[in-house]
Amino acid sequence: MNAKIRLGILGGGGDSLIGVLHRVASAMFDQFQIVGGVFNPVWEENIGFVESLGLPTNRVYIDFDTLIEEELKLPETERMQVISILTPNFLHFPMAKKLLENGFHVICEKPLTTTYQEAKILQSAVQKTKTIFAVTYTYTGYPMVRQMREMIVNGDIGKVQKIDAQYYQGWINPIIHDKKKRANTWRLDPDKSGISCCVGDIGTHAFDMIEYVTQLKIDSVLADLNYLYADNKMDIDGTMLIRCSNNAKGVIRTSQIATGEENSFTVQIYGDKAGLKWEQENPNYLYFLEEGKPLRVLKPGHSYNSKLSLDGTKMPPGHPEGIFDSMGNIYKGIAKAIKKEPYNHAEFPTITDGVRGMNFIECVVESHKNGNVWIKIE
Ligand SMILES: NC(=O)c1ccc[n+]([C@@H]2O[C@H](COP(=O)([O-])OP(=O)(O)OC[C@H]3O[C@@H](n4cnc5c(N)ncnc54)[C@H](O)[C@@H]3O)[C@@H](O)[C@H]2O)c1
């Protein structure tokens, strides 16, 4: 029998944004079974939410420390094997650290931690414990993102020479101009969010995506951030110039005050032979651009796609793959790793990607604070 992996969840309660994405994604390939967790710090809401889902309540715990204590009392064959951390950012580090110390595999939302230092501590713990540690940069699971990566790796666009990534949202616009509202949003509170709002929340997606599809390392960054108000400690908009290991240069443009924008995440990579373009809001189209030739549009599920891309498609061509499928593909890869089955390391982002993300955030803020200067990423 193919036993399901026992999954615990921290955060992601009924009041959360990202919880449903993880619950659906973990169920998508019948590999995981949610056995319990702490979904909300308020007990009535925690237990009430689990009851409303129709899940067993015997392993819903009052808080994180109790979860660890009680789960360790169970035989290994019943204990949670992997735990997803879906809480606000400041809880990622203490939770992940204790989980690793107690032998659990971890799936952690991005940004990995609130500081680069914390991220490096987690990385050492992962190396020591040899646990599986995934960081859910959700967008890397889309079939056409995987296809983009494979085409770049295969040399279809030649040597990468120009990079352009944009992640524009507008959701903070109604909050940022109201003093009370901006004081009550955790993403604008450095104690809960870390040193950056916009770059930490969505700039890291762009950074990770560039490194994922190009397989290049972003070497250095020059940033100009916008905070709009003197009492606002967190960036809500930023433009970053980037330089890569192979002399390719480019730009990452991020904003949460791009009024009217939703999740306009676009990635454009140009090589000396051709270019590739992908847009998150139309994720089933990958545009292949060549000089003097008609534009080609690649779509998921066709046999012309790579094995990695096809592994992330469940239905025949013409059935759109969306954000749930993308996260589902990431969970599918994690399941293979936990079950010690063969997998492609491009199937899910790891602790290394999370650590690089934190390094990037700190370099960006340092660049801005020092007068928009180039900062080397380690
Ligand atoms: N991968 C992505 O694309 C993506 C998208 C959105 C959010 N995120 C990340 O997911 C995380 C959560 O974001 P969100 O938007 O869902 O936040 P949210 O504020 O909507 O939800 C946070 C959840 O955590 C719970 N929580 C808070 N403290 C807790 C504690 N001590 N124990 C247990 N539960 C607790 C809250 O009750 C709530 O259910 C953040 O790190 C964020 O950056 C990632």
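Trainee: Hi! Where does Asp 30 lie?
Mentor: Asp 30 lies in the loop between α1 (19-27) and β2 (32-38). Keep in mind that this is a predicted model.

Trainee: Okay, and what is phi of Asp 30 near?
Mentor: Phi there is near 55°, which is a positive value in a residue other than glycine. For background, most residues other than glycine have a negative phi.

Trainee: Is Asn 247 buried or exposed?
Mentor: Asn 247 is exposed, because its relative accessible area is 68% and the cut-off for exposed is over 50%.

Trainee: New topic: what is the peptide bond from Lys 110 to Pro 111, cis or trans?
Mentor: That bond is cis, with omega near -15°. In general, most peptide bonds are trans. You'll find Pro 111 in the loop between β4 (105-108) and α5.

Trainee: Since you mention α5, at what angle do α5 and α13 pack?
Mentor: Helix α5 (residues 116-129) and helix α13 (residues 351-369) pack at about 165°, and their axes are 9 Å apart. Angles over 145 degrees count as roughly antiparallel, so that is how α5 and α13 run relative to each other. The crossing of α5 past α13 is left-handed.

Trainee: Which residues meet there?
Mentor: From α5, they include Tyr 116, Leu 122 and Val 126, and from α13 they include Ile 351, Val 355 and Met 358. By class, this contact has 7 nonpolar, 3 polar and 2 charged residues.

Trainee: What about Tyr 142 and Trp 278?
Mentor: Those two form a tilted pair, 5.2 Å centre to centre with 55° between the planes. Tyr 142 is in the loop between β5 (133-135) and α6 (143-153), while Trp 278 is in strand β11 (residues 274-279), so the pair ties together parts 136 residues apart in sequence.

Trainee: Why does Trp 278 count as buried?
Mentor: Because Trp 278 has 0% relative accessibility, and buried means under 20%. Tyr 142 counts as buried at 2%.

Trainee: Last one: which residues form the aromatic cluster?
Mentor: Tyr 139, Tyr 142, Tyr 167, Phe 265 and Trp 278 form one cluster.

Definitions and conventions:
Residues are numbered from 1 along each chain as its sequence is written. This is a predicted model: local features need pLDDT of at least 70, side-chain atom pairs count only at pLDDT 80 or more; totals for chains, interfaces and linings use all residues. Side-chain values use heavy atoms; hydrogens and water are left out. Axes are lines fitted to C-alpha atoms, for helices over the stretch in contact, and angles run from 0 to 180 degrees between N-to-C directions. Helices (H or I, at least four residues) and strands (E, at least two) are DSSP runs, numbered from the N terminus. Angles under 35 degrees count as roughly parallel, over 145 as roughly antiparallel, 65 to 115 as roughly perpendicular and the rest as oblique. A crossing is left-handed if the near helix is turned anticlockwise from the far one by less than a right angle, and right-handed if clockwise. Contact means heavy atoms within 4.5 Å. Ala, Val, Leu, Ile, Met, Phe, Trp, Tyr, Cys and Pro count as nonpolar, Asp, Glu, Lys and Arg as charged, and the others, Gly among them, as polar. Rings of Phe, Tyr and Trp (its six-membered ring) pair if their centres lie within 6.5 Å; planes under 30 degrees apart count as stacked, over 60 as edge-to-face and the rest as tilted. Buried means under 20% relative accessible area, exposed over 50%, partly exposed in between (1.4 Å probe, protein chains only).
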